[in-house]
Amino acid sequence: MVAAGRLAECGDVEITGSAQHDAWQARAVPPVEQVCDGLWSIPVPMLGPLRYVSVYAFALDGGGLGLIDAGWESDEGWAALTSGLASIGGSVADVRGLLVTHLHFDHLGLAERVRQASGAWMAMHPADAAVVASPSHRDAASFAASEVAFLVSLGAASDEAVADVGPVERLAPFTSTAIPDLLLEDGDIADLPGWSLRAVHTPGHTPGHLCFAEERTGLLFSGDHVLPRITPNISTTFDGLADPLRDYLAALGRIGEHEPEEVLPAHEWRFRGLSERTAAIQGHHEHRLAELLNAIRRHPGSTPWQLAAHLTWSRPWEQYERRMRIFAVTETDAHLRLLASRGLVASSGGAVPTWTLAVR
């Protein structure tokens, strides 16, 4: 998922999804839209401040439909997806293939229902597939214990970590998401007849996040990698990338080298101006890194949990708890790891590392 409240200056971005933008300003869900011949966006409601994820449906040569992402697993989400497909003259039974940009519940959640109702194949990157299939992600108790232990390693008190992770039963839906039938590596072309969707590996938000470049139309389906207004959550996890922000910024630089006809993100609205947007996001993270360096200078020997409280957030730190606090602390840890890889900070090591400025 994308953490709320992490804004970056939009840069010189042209809003092309005006109906989506208008709905956002009205705090509503946008309509189903035909983006171009044979391609539609279908909003599927989700929990949290982003309100919906855009599922993209493709008419395939020879009949049937392909999808990018499935939506949040809920009866409301399923009703929105099925009614959206009906509004374009199709049904879930028509789905032949499902491409999932990444493992988060608002993208992968409904994939199993789609597969059961249609017999469609489902594909994602091997790195995210490995996480989804791992033992710690197939058992709620193991998942909770791993998350708690990771937060403690970042400086949380045990009782705070347990409270933020929440009851084991609340995690159960996240441990039964679909395991893919097919794997897509960087550069692979998805088997959706009539379209040339090339997988672009853009790690950071998750280890195996994929964008899809449609080579016939020049469209870029950016998932959560690039959004027009908000920055995606780039966090460390107990089984994720060692330096996710470094990987994210590297992927952001690569994808910003090419200007697509239009960017179709998973949230918010369609836009043009990818290079300007990626530059704005890079600038946002550099500003955040500088702020974190100053916090370490003022509070040497602090843990990521402690340092997060000294950074600027969208609301007072005292109001952060549960998943929002987890996002904030693990984002802080991701920024710390990038500073360390640049040689600017040093860790004390040990079970709960603390951070100081590096001696240069």
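## Basis of the description

Helices (H or I, at least four residues) and strands (E, at least two) are DSSP runs, numbered from the N terminus. The model is predicted, so that local features need pLDDT of at least 70 and side-chain atom pairs count only at pLDDT 80 or more, while totals for chains, interfaces and linings use all residues. Residues are numbered from 1 along each chain as its sequence is written, and side-chain values use heavy atoms, with hydrogens and water left out.

## The open sheet and its helices

An open sheet of mixed pairing is formed by 7 strands in the order β2-β3-β4-β5-β6-β7-β8, where two strands pair if DSSP finds at least two bridges between them. Strands β2 (33-36) and β8 (182-183) stand at the edges with a single partner strand each, so one side of each has no neighbour in the sheet. Strand β7 (residues 121-124) runs parallel to β8 and is joined to it by 2 bridges, with A123 opposite L182 of β8.

Helix α4 (residues 111-118) lies across β5 (65-68), β6 (95-99) and β7, at about 160° to β6; axes are lines fitted to C-alpha atoms, for helices over the stretch in contact, and angles run from 0 to 180 degrees between N-to-C directions. Helix α5 (residues 126-133) lies across β7 and β8, running at about 110° to β7.

## H335 in helix α13

H335 belongs to helix α13 (residues 322-341) and is buried at 2% relative accessibility, buried meaning under 20% relative accessible area, exposed over 50% and partly exposed in between (1.4 Å probe, protein chains only). A polar atom of the H335 side chain lies 2.9 Å from the backbone oxygen of E331. Apart from its neighbours within four places in sequence, H335 is in contact (heavy atoms within 4.5 Å) with L245, H285, R288, L289 and L292.

## Salt bridges

The count comes to 18 salt bridges, each a side-chain nitrogen of Lys or Arg within 4 Å of a carboxyl oxygen of Asp or Glu. One of them joins the side chains of R270 and E33 (3.3 Å, N to O); because R270 lies in the loop between β12 (262-265) and β13 (271-272) and E33 in strand β2, the pair ties together parts that are 237 residues apart in sequence. R270 is buried at 7% relative accessibility, and E33 is buried with a relative accessible area of 15%. E33, E262 and R270 are linked in a network of salt bridges.

In helix α13, the side chains of R337 and D333 meet in a salt bridge (3.1 Å, N to O), the two residues being 4 apart and thus separated by about one helical turn. R337 is partly exposed at 24%, whereas D333 is buried at 3% relative accessibility.

Key: Polar contact = N/O pair within 3.5 Å; in protein donor to acceptor, adjacent residues only side chain to side chain.
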